[in-house]
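Subject: Structure for your review

Dear colleague,

Please find the structure below, followed by a short account of what was found in it.

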Amino acid sequence: MADACDTIVELKGVEKTFRDFWLRPTVKAVDGLDLSVRRGEVFGLLGPNGSGKSTTVKMILGLLAPSAGKVALFGLPPGSPSARARLGYLPELSYLHPFLTARETLRYYAGLCDLDRATTRERIRELLDMVGLSDVADRPVGGFSKGMARRVALASSLIGKPELLVLDEPTSGLDPVSTNEVKTLVKTLAAGGMTVLMTSHLLGDAEETCDRVAILNHGKSVAEGRVSDLGTSLQSFFLAKVGEGRRFEVAPFLK
Amino acid sequence: MRAFFSVVALQLKAAARSKAIALLFVASLAWMFAVPGLVSGDGTADGAHQVFVRYSLWGVFVLVLVSLAAAGAGSLSSDRDARRLQLTLVRPARRFAVALGRMVALVAVGASVLAVCALVALCRSDASRRCWHVLSPVMESPRSEAERAYRRYMESPETPDELKKTDKRVLVRILERKAFDRYETVRPGASASWRFDTARIGADDDIAARLRFSSEMGTREDFTGTFALGARTGSVSNITQTVVTVPLAAADAAVAYAEDGLVFTNSGRDSLMLRPRRDVQIVHSSSDCTFARNLAFALVVMVSMLSAVVAFSVFLGAGLGRSPAVFTVMVTLFLAAASPAVMEDYQDEVNSGKGDRVGLALAQFAGVMTRPLGSFSPIGSLADDECVELRDVARAVSVDFVLLPLFFAFLAAFIMPVKQESAIAG
């Protein structure tokens, strides 16, 4: 059992029920979830579409309040400024301000993290070098390709030197080269001591990157453990836990 | 503070790189130069000045107000709709700073457009043109007069029971209106006097009595008589203009205002009817109030009014989607503009129906809620060469520029995560 100080994210009996305008329950997205992410590990939150991964991440980030249970980030409520100061977040899509340049984007987020001018300048230079965008740093990001925009978003999530980096589907929609770059970067950051929590439904990526995974299905955790202890491929393990899905009858359509 | 300045810089960059704001600048300047060609005055230099100042600045102010109200309503809501706002909300920045930063940046944009247009107005006018301080008679407040009249009615045995059963608030409101509009008749050969706070008039000031007739009750018929304020006097004869300004010349160079009453003696053949609270004023000019100073003060008041509207619209954008927020702020602006006229034209009546009462109550509510916007227009004063007084500037700055934006930023910070959650859930 990990030491309490080493637990960065902790969820106990967390539930999230979405309600309509009349407050009638519509969907129970997360149902009694217990989870803990320890310092220095790369933790993968896996599951099919609609399994509750993104909802869980948004509760950890403080963007959604749980309907029941408790979420703690560094032992603090997730919405507190001191917890948010130690957090970096890369959403599923980059969501950048198209009129800002890459440098201005990073400067904006540096300001939100309360970095002073000298640190901001130094950090922006390092991050632009790291993601290979120094040459286009002064071009508006609205004209960037998806891969380049992703790199800007990744750099901006790291601007505050976070202790915990939350990545929501970090390789979603990227070409193989960009995917490989992101995976290498995550591994490098983890090797440097950063804790990473990532969601994915791309099992190959997760298998390659994560130390530990939890598999969600219908809002519940159906399995949790170290990737190295699975004894089989993550793909087989996942399908065994979640099911193979429906088999489409295409023959009548093709006739 | 760094987070606040980052948000301000972001919003300023968004404005600087937006075609809409560039268009606003161009349209405002075009309007400033087009007004003299589009609206003609009465042929005099003063008339041309009045028309230019009133319509050019009024047009630009409305344009800026509507544009920035729409921009403010879309500021947070469009970022939330594009899911960018969540990236700001997961940072350690305070939401209050995020909302206030948006407001400040938009106000800065509006202020710069207004300042450029004010500079054009200044270049096209005589900067040293003297303006008038306006004094109204010192009288009992209409409210207190109404309360007194109400008590008298209730105690009187002659008052019909039906009237006694009427809601006190409605009756007092009707009486207050009547007190405000109460006519005084000055018969031929008779005099009337009104007290003024003359302590504010300097010894070297030019002074004039001014009557502003604004009714259709036949009061614009010619009148003849003499005004006197202490040792200063002025005569008027056979005047039929709506606004009559009678210079009061000193009979003695060393004037002391031993008496602070303005006396009018009617030497004409007809009675003169006027409403002291509305129609009678003393105006005095002093060297401290030039057109340039007046324009600067009016600009500060306009920017303050703009701040209140922008703050309200950013708050709406924090709690509503873009389209409902823009719609609500536009309806509010319309109500702010329309409610004073509605209250003027449709007043309480003892026997008014329930539907009318509801409509009036709504108009009155809108009037009260939008009072910071509708109560004082600096452009009218500026065009009429009336001084925008320091107390009006102080009130506008403290309430519209400071308190309301802080209040709406606080509300926006409170409502932002609630709306963000419902946006994610939706």
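In helix 3 of chain B, Phe61(B), Val64(B), Leu65(B), Leu68(B), Ala69(B), Gly72(B), Ala73(B), Gly74(B), Ser75(B), Leu76(B) and Ser77(B) meet a set of residues in helix 10 of chain B, namely Met302(B), Leu306(B), Val309(B), Val310(B), Ser313(B), Val314(B), Leu316(B), Gly317(B) and Ala318(B). Contact requires C-beta atoms, placed from the backbone, to lie within 7 Å; helices (H or I, at least four residues) and strands (E, at least two) are DSSP runs, numbered from the N terminus. This contact divides into 14 nonpolar, 6 polar and no charged residues (nonpolar: Ala, Val, Leu, Ile, Met, Phe, Trp, Tyr, Cys and Pro; charged: Asp, Glu, Lys and Arg; polar: the others, Gly among them).

The model is predicted: local features need pLDDT of at least 70 and side-chain atom pairs pLDDT 80 or more, while totals for chains, interfaces and linings use all residues. Residues are numbered from 1 along each chain as its sequence is written, with chains lettered from A and ligands numbered from 1 in the order in which they are written.

Of the contacts in chain B between residues at least 6 apart in sequence, 83% join residues at least 24 apart.

Turning to the interface, 24 residues of chain B are in contact with 24 residues of chain A. Helix 1 (2–16), helix 4 (85–89) and helix 15 (390–425) of chain B each supply at least two residues to that side of chain B, and helix 1 gives the most, with 7 residues.

Yours sincerely

Technical notes
Contact = placed C-beta atoms within 7 Å.
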